[in-house]
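Here is a short briefing on one protein model. Keep the sequence and the coordinates open while you read.

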Amino acid sequence: MDTQLFELAFTHRSFAFEHGRIPSNERLEFLGDAVLQIVVTEHIFRSFPDLAEGQLAKLRASVVSSHALAEVARGLDLGELIRLGQGEINTGGADKTSILADTMEAVIGAIHMSCGADAAACFVHALLDERIASSELKGHYTDYKTALQEYCAHSGLEPPRYEIVGEGPDHQRIFTATAMVGGKAVGSGVASSKKRAEQLAAHEACRSLLPDA
């Protein structure tokens, strides 16, 4: 096991920036995200042969979303291990959904690099297989951007659009997304990436427009 690699997995970009721009966990996060996607995709493909492609995509999204990964990270107390800059420490960064989710992906990437693909797959299965089964059983596999788009289509409305505003320095960029339907703001979300901010905005919009969301 490469201990330096795991130390890197817990190094948030805010800490890296404050300590002379040392490497952060962003590259491991990139790798871990890819590993997570393929392991979960293969698992649900093999486990649920009766689900259509769209259902498979929604099921996968429900367990690899930032909220789902953050819940897993909280269960492992990963927040206590993350090396954060003082600004993030002061604002409760150790419990922020985006930071926890990104760190979870970085840890998966570190396991993949240090211990191999099989070990990384075993780790993902141990963390997520029960969640996947529970989500499928309950039908809780919603991609909220897709759900909002489908709602608009069924209601004869134009597709939703998202207004994005970015704030803060490059190493701590925060994006606010506003979901617009029929020219009205119906939901908003804040995250460290545009994609996640849009998903959060769509979730809020679905909760206000769809009674079962």
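## Loop residues

Gly-85 is buried, at a relative accessible area of 1%. The model is predicted, and local features are taken from it only where pLDDT is at least 70. The points below start with loop residues, then turn to annotated sites and helix pairs.

**Gly-85 and its surroundings**

- Gly-85 sits in the loop that joins helix 5 (66-75) to helix 6 (86-90).
- Beyond residues up to four places away in sequence, Gly-85 touches Ser-14, Phe-15 and Glu-18.
- Gly-75 is 10 residues from Gly-85 in sequence, and their C-alpha atoms are 23 Å apart in space.

**Asp-77, in that loop too**

- Asp-77 also belongs to the loop between helix 5 and helix 6.
- Its phi is positive, near 60 degrees, and Asp-77 is a residue other than glycine.
- Asp-77 is partly exposed, with 44% relative accessible area.

**The loop between helix 2 and helix 3**

- Arg-21 lies in this loop.
- Arg-21 is not a glycine, yet its phi is positive, at about 60 degrees.
- With 64% relative accessibility, Arg-21 is exposed.
- Ser-24 lies in the loop between helix 2 (13-18) and helix 3 as well.
- Is Ser-24 buried or exposed? Ser-24 is buried: its relative accessible area is 16%, and the cut-off for buried is under 20%.
- Setting aside neighbours within four places in sequence, Ser-24 contacts Leu-8, Thr-11, His-12, Arg-13 and Ala-16.

## Annotated sites

**Active site, from the UniProt record**

- An unreviewed UniProt entry annotates Asp-33 and Glu-105 as "active site".
- These two span 73 residues in sequence, but no two of their C-alpha atoms are more than 5.4 Å apart, so they gather at one spot.
- Asp-33 is a helix 3 residue. Its relative accessibility is 29%, which counts as partly exposed.
- Glu-105 is in helix 7 (residues 97-115). It is buried, with a relative accessible area of 2%.
- Not counting residues up to four places away in sequence, Glu-105 touches Leu-28, Glu-29, Gly-32, Asp-33, Leu-36, Leu-69 and Arg-196.

**Binding site, from the UniProt record**

- The "binding site" annotation of the unreviewed UniProt entry covers Glu-29, Asp-102 and Glu-105.
- These residues are spread over 77 residues of sequence, yet they cluster in space, with a largest C-alpha distance of 5.9 Å.
- Glu-29 comes from helix 3. It is buried, with a relative accessible area of 16%.
- Leaving out neighbours within four places in sequence, Glu-29 contacts Asp-102, Glu-105, Ala-106 and Arg-196.
- Asp-102 comes from helix 7. It is buried too, at 6% relative accessibility.
- Asp-102 touches Glu-29, Ser-192 and Arg-196, again not counting residues up to four places away in sequence.

## Helix packing

**Helix 3 with helix 4**

- The axes of helix 3 (residues 26-47) and helix 4 (residues 53-64) come within 10 Å and cross at roughly 135 degrees.
- That angle makes helix 3 oblique to helix 4.
- The crossing of helix 3 past helix 4 is right-handed.
- Which residues meet here? Helix 3 brings Leu-36, Gln-37, Val-40, Thr-41, Ile-44 and Phe-45, and helix 4 brings Leu-56, Leu-59, Arg-60, Val-63 and Val-64.
- By class, this contact of helix 3 with helix 4 has 8 nonpolar, 2 polar and 1 charged residues.

**Helix 9 with helix 10**

- Helix 9 (residues 144-154) packs on helix 10 (residues 194-209) at an angle of about 45 degrees, and their axes are 8 Å apart.
- Helix 9 and helix 10 are therefore oblique to each other.
- Helix 9 passes helix 10 in a left-handed crossing.
- From helix 9, the contact uses Tyr-144, Lys-145, Ala-147, Leu-148 and Tyr-151.
- From helix 10, it uses Glu-198, Gln-199, Ala-202, His-203, Ala-205, Cys-206 and Leu-209.
- The class count for the contact of helix 9 with helix 10 is 8 nonpolar, 2 polar and 2 charged residues.

Methods:
Residues numbered from 1 in each chain as written. Predicted model: local features only at pLDDT ≥ 70, side-chain atom pairs only at ≥ 80, totals over all residues. Heavy atoms only, no water. Axes fitted to C-alpha atoms, helices over the stretch in contact; angles between N-to-C directions. Helix = DSSP H or I, 4+ residues; strand = E, 2+ residues; numbered from the N terminus. Parallel < 35°, antiparallel > 145°, perpendicular 65-115°, else oblique. Left-handed = near helix turned anticlockwise from the far one by under 90°. Contact = heavy atoms within 4.5 Å. Nonpolar A, V, L, I, M, F, W, Y, C, P; charged D, E, K, R; others polar. Buried < 20%, exposed > 50% of the residue type's maximum accessible area, 1.4 Å probe, protein only. UniProt positions renumbered as here; feature names shortened; annotations may be inferred.
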